[in-house]
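Hello,

Here is the structure I said I would pass on. Please look it over before reading my notes below.

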Amino acid sequence: QVQLVESGGGLVQAGGSLRVSCVVSGIRFSRNNMGWYRQAPGKQRELVAGILSDGRTDYSDSVTGRFTISRDDAKNTVYLQMNRLKPEDTAVYYCNVIVGLRGPVLGSWGQGTQVTVSS
């Protein structure tokens, strides 16, 4: 059973940067596609970035050019580098195993990591 542990969130000013991480266990990480999702208060969870096992990536329009998803197969970890953050990026960020680049997800959700961007 896949286990997902997100970390690295925090409070940052608008325009700043933050990197969140997700350590994955219970699966052959290198063979799986991964995605980062976020859920803001009162809104549905949305996919912001996906990465295939071969390293190809895809992003939602709202984060293209600002966020970068990457993976380290030796560490079973997927990262999301977030630059030029905006207050509307405030959300709980989650990772998950996904089908293709845009889901659906294959695992249960972890606890997520809170990202708060102040204006």
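The notes below cover the strands, the core and some backbone angles.

This is a predicted model, in which local features need pLDDT of at least 70 and side-chain atom pairs count only at pLDDT 80 or more, while totals for chains, interfaces and linings use all residues. Residues are numbered from 1 along each chain as its sequence is written, and side-chain values use heavy atoms, with hydrogens and water left out.

β8 pairs (at least two DSSP bridges) with β3 in the antiparallel sense over 6 bridges, and Val23 stands opposite Thr77. β7 and β8 also pair in the antiparallel sense over 6 bridges; here Phe67 has Met82 as its bridge partner.

Met82 is also among the residues with the most contacts inside the largest nonpolar core, which has 27 residues. Such a core is a set of buried Ala, Val, Leu, Ile, Met, Phe, Trp, Tyr and Cys residues joined through side-chain atoms within 4.5 Å.

Now the backbone. Most residues other than glycine have a negative phi, and most peptide bonds are trans. Asn76, in the turn of the β7–β8 hairpin, has a positive phi of about 50°. Arg84, in the loop between β8 and β9, also has a positive phi of about 50°. The peptide bond from Gly103 to Pro104 is cis, with omega near 10°.

Regards

Key
Buried means under 20% relative accessible area, exposed over 50%, partly exposed in between (1.4 Å probe, protein chains only). Helices (H or I, at least four residues) and strands (E, at least two) are DSSP runs, numbered from the N terminus.
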